[in-house]
Amino acid sequence: MFDTHSHYDSTKFDEDRDEVVAGLTAPNEFDPQGVKYALTCGDSMESSRRAIALSERFAHVFAAGGVHPHEADGFCAEDLAVLEQWYVQKKIVAIGEIGLDYHYDFSPRDVQKRVFAAQLDLAKRLGAPVIIHDREAHADVYEAILKSGVTRGVMHSYSGRREMARDYVELGFYISFSGSVTFKNAQGIVEAAKSVPEDRLLIETDAPYLAPVPYRGRRNDSHLMYATAEFLAFARGVSVESIINSTRENAKRLFSVE
Ligand code: NI
């Protein structure tokens, strides 16, 4: 399996981080496969730095660096230069997670938009894929991506309609589903998940958050993603093997991972 979105730098892993991350590659009671690749995403400059440190210690861990809309208020021009340097020199395979969040509005919307646009422009210049967070900001996120000219990336923990997923697929993007697709009342997300072409589908945990049913409410980790793969396989009428294989190969292509 390739978990395309996690936060192993989260304080929720402070007690046992090394044990959890080192143990991902071996099958366990939740996961008969084992996890071959895990992408851990930064949400601030500090957290991106911690993500890189993890990627340097574990062969199966890759990092993404970027500033989340929640943290946009503290962003400064020098951060762009640092992100660029990290992308070139470190085990960073994407700019993310970046985007807009109008649900929490932790940073003012004009600041969120400016910081998002600056990081999209950087990704465009570097030819880097982007990892997009979009919470109740669909129109502005789509407009910013179109304006930037970025055509490589992933809509993370997708929760929008199937029509919007189709627009992103047409643009060149991948659509990633987390444990939220397994939740009650997620019928709209399931419809979107059934509609995404097999060569654009990704899966993720967003660990430590969004553990899939039947583990909902627990601390999530990449092993539990097997339940999300099983759910998607059932919804799409294919084998779990085929979901795991295609999402893994899709992620390797998007993030240029061998
Ligand atoms: Ni995330």
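## Strand β1 beside β2

Ser 6 stands opposite Thr 40 of strand β2. Strand β1 (residues 2–6) runs parallel to β2, and 3 bridges join them. Two strands pair if DSSP finds at least two bridges between them. Strands (E, at least two residues) and helices (H or I, at least four) are DSSP runs, numbered from the N terminus.

This is a predicted model: local features need pLDDT of at least 70, side-chain atom pairs count only at pLDDT 80 or more, and totals for chains, interfaces and linings use all residues. Residues are numbered from 1 along each chain as its sequence is written, and side-chain values use heavy atoms, without hydrogens and water.

## An enclosed strand

In strand β2 (residues 37–41), 5 of the 5 residues are buried, so the rest of the structure largely encloses this strand. Buried means under 20% relative accessible area (1.4 Å probe, protein chains only). Tyr 37, Leu 39 and Cys 41 cover one side. Ala 38 and Thr 40 lie on the other. In a regular strand, side chains alternate between the two faces of the sheet.

## On to β3

β2 also pairs with strand β3 (residues 61–65), in the parallel sense, over 4 bridges. Cys 41 has Ala 64 of β3 as its bridge partner.

## Helices α2 and α3

The axes of α2 and helix α3 (residues 77–89) come within 12 Å and cross at roughly 10°. Axes are lines fitted to C-alpha atoms, for helices over the stretch in contact, with angles from 0 to 180 degrees between N-to-C directions. The two helices are therefore roughly parallel (under 35 degrees).

Conventions:
Buried means under 20% relative accessible area, exposed over 50%, partly exposed in between (1.4 Å probe, protein chains only). Angles under 35 degrees count as roughly parallel, over 145 as roughly antiparallel, 65 to 115 as roughly perpendicular and the rest as oblique.
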